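These are my notebook entries on one protein model. I set down what I looked up, topic by topic.

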Amino acid sequence: MTIISDLSWDLVEKILSRVPIISLGAVRSTCKRWNRLSKNRLLCKAEARRHQFLRFMVKNYKLCSVRFDLHGILDGEEFVDPSIKEITVVDSFNQVKVTQVFHCDGLSLCVTKDKEENKTSLVVWNPYLGQTRWIQARNDYNRLDLYALGYDNNRKHKILRFLDTGSSYKVTLYEIYDISSDSWRVLDITQEWDIMLYHRGVSLKGNTYFFAKKKILLVDGPVEIAEPHAILLSFDFTKERFGPPLSLPVEHYVGDTGALSSLRDEKLAVLYQPTSMSDVQIWVTTKIEPSAVSWVPFLKIDVEPFTGFGFQFHHDGASFFIDEEKKVVVVFQIDESEMTCYDTAYLIGENGYFEKVGLGEAEKPQWSANNVGEYCPLVCSCSFVPSLVHINNESAGS
């Protein structure tokens, strides 16, 4: 009779490659051999390919996993509602609110605030290895600070922090945290562009891309100043510097809806909707580097026949992802009435395909300068890919 321990390593790996990621805890508890194997080899690889729309999102200040089954939706088949499950990373997550989540190369960066004292903290999490690292700041975190997660040419993962000075939301101080050395450094950067803090950056190939606009220096006397449109700005985690301004495929102004997304860590995508207009445009890159970019149109749709006049995706926090094969865009929005508030996903496709999917009740937002960036349901644009990057030896909950 053959037992588990009699199986060859190759056969075990082939079997475990088909195990769902959510069952990884059971695999590790089966025996020491399997536990050791899972910490040194990437299992669940076939499952990760099948479920290319497994992502992480923040819902009601909780970190959740979300799966979208888009199979057959353009062929007349019924769309399968997404599966959203709250994740317990570590026990201490029960005492904090998650306000933002960023993903890069299999690692997630969560920005949290204490429920009682309203203090902000950072935690890096490797979902595959079940490891977390709470990060001690050089000084107090500000709720308006902005973050980015990336890595350099040596595959060293780093966190960029924009420190808000409290003066008209102008960012003047930049710090970088090296995960491998557990250390912060202040960067000597003088920037002529203002990162648009209401828009989150997106990591791609280790670098992070942001919307930015030209700094405006006010002078005395009546002077007419043209409002600058946004450009694309990259941060290179190898050089630890911002690259030159890159063009967007549209002229994006303050108040317009704009959001960035990534496709399989290969392409960048931008969603754009002008203020008070119903046309939604999505563009993707054919070339993307810290110093060069080129764009092609992906999809354009007039949403007014489906949403009514005056509908606009939120300009200060929209998030979305793309299914290139189905040519479908999923945009996340918070729909609000006088009494209730719901997280919603809008599915937009070719030939007038449009579907609105409820994601459950949401906490009614009270907009203020203290919760910028927390208005919409935040979804990581890139699909989860397992990673063997070790951040420490602390195990997370399953």
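**Entry 1**

I began with Phe 235, which stands opposite Phe 242 in strand 16. I note that the model is predicted: local features need pLDDT of at least 70, side-chain atom pairs count only at pLDDT 80 or more, and totals for chains, interfaces and linings use all residues. Residues are numbered from 1 along each chain as its sequence is written, and side-chain values use heavy atoms, with hydrogens and water left out.

Two strands count as paired if DSSP finds at least two bridges between them. Strand 15 and strand 16 (residues 241-242) run antiparallel and are joined by 2 bridges. Their hairpin has 4 residues between the strands, and in this hairpin Glu 240 takes a positive phi near 55°.

I then looked at the other partner that I had listed for strand 15. Strand 14 is joined to strand 15 by 5 bridges, and the two run antiparallel. Phe 211 has Leu 232 as its bridge partner in strand 15.

How many residues of strand 15 are buried? I found 6 of its 6 residues (231-236) buried, and the strand is mostly covered. Here buried means under 20% relative accessible area, exposed means over 50%, and partly exposed lies in between, with a 1.4 Å probe and protein chains only. Ile 231, Leu 233 and Phe 235 point one way from strand 15, whereas Leu 232, Ser 234 and Asp 236 point the other way; all are buried.

**Entry 1: aromatic rings**

I next examined the aromatic rings. A pair of aromatic rings is described by the distance of the centres and the angle of the planes. Rings of Phe, Tyr and Trp (its six-membered ring) pair if their centres lie within 6.5 Å; planes under 30 degrees apart are stacked, over 60 edge-to-face, and the rest tilted. By this rule I record 14 aromatic pairs.

One of them is the edge-to-face pair of Phe 162 and Phe 210, at 5.3 Å centre to centre with 75° between the planes. Phe 162 lies in strand 9 (residues 157-164) and Phe 210 in strand 14 (residues 207-214), so the pair ties together parts that are 48 residues apart in sequence. Phe 162 is buried at a relative accessible area of 1%, and Phe 210 is buried at 0%.

Phe 311 and Phe 313 also form an edge-to-face pair, at 5.0 Å centre to centre and with 80° between the planes. Phe 311 counts as buried at 16% relative accessibility, and Phe 313 counts as buried at 1%.

Which residues form one aromatic cluster with Phe 162? I list Tyr 174, Phe 210, Phe 235, Phe 237 and Phe 242.

**Entry 2: charges over rings**

I count a charge as sitting over a ring if NZ of Lys or CZ of Arg is within 6 Å of the ring centre and within 35 degrees of the ring normal. Arg 55 lies over the face of Phe 321, at 3.8 Å from the ring centre. Arg 155 lies over the face of Tyr 151, at 4.2 Å from the ring centre.

I traced an open sheet of 4 strands in the order 4-5-6-7, with antiparallel pairing. Strand 4 and strand 7 (131-135) stand at the edges with a single partner strand each, so one side of each has no neighbour in the sheet. Within this sheet, strand 5 and strand 6 (residues 120-126) pair antiparallel over 6 bridges. Lys 113 has Thr 120 as its bridge partner in strand 6.

Another open sheet of 4 strands has the order 17-18-19-20, again with antiparallel pairing. Its edge strands are strand 17 (257-263) and strand 20 (292-302), each pairing on one side only. Strand 17 and strand 18 (residues 267-273) pair over 7 bridges, and Ser 261 stands opposite Ala 269 in strand 18.

**Entry 3: positive phi in loops**

Most residues other than glycine have a negative phi. I therefore noted Tyr 61, whose phi is positive, near 65°, and which counts as buried at 18% relative accessibility. Tyr 61 is in the loop between strand 1 (54-59) and strand 2 (62-69).

Asp 105 also has a positive phi, near 60°. Asp 105 lies in the loop between strand 4 (96-104) and strand 5 (107-114). Is Asp 105 buried or partly exposed? At 26% relative accessibility, Asp 105 counts as partly exposed.
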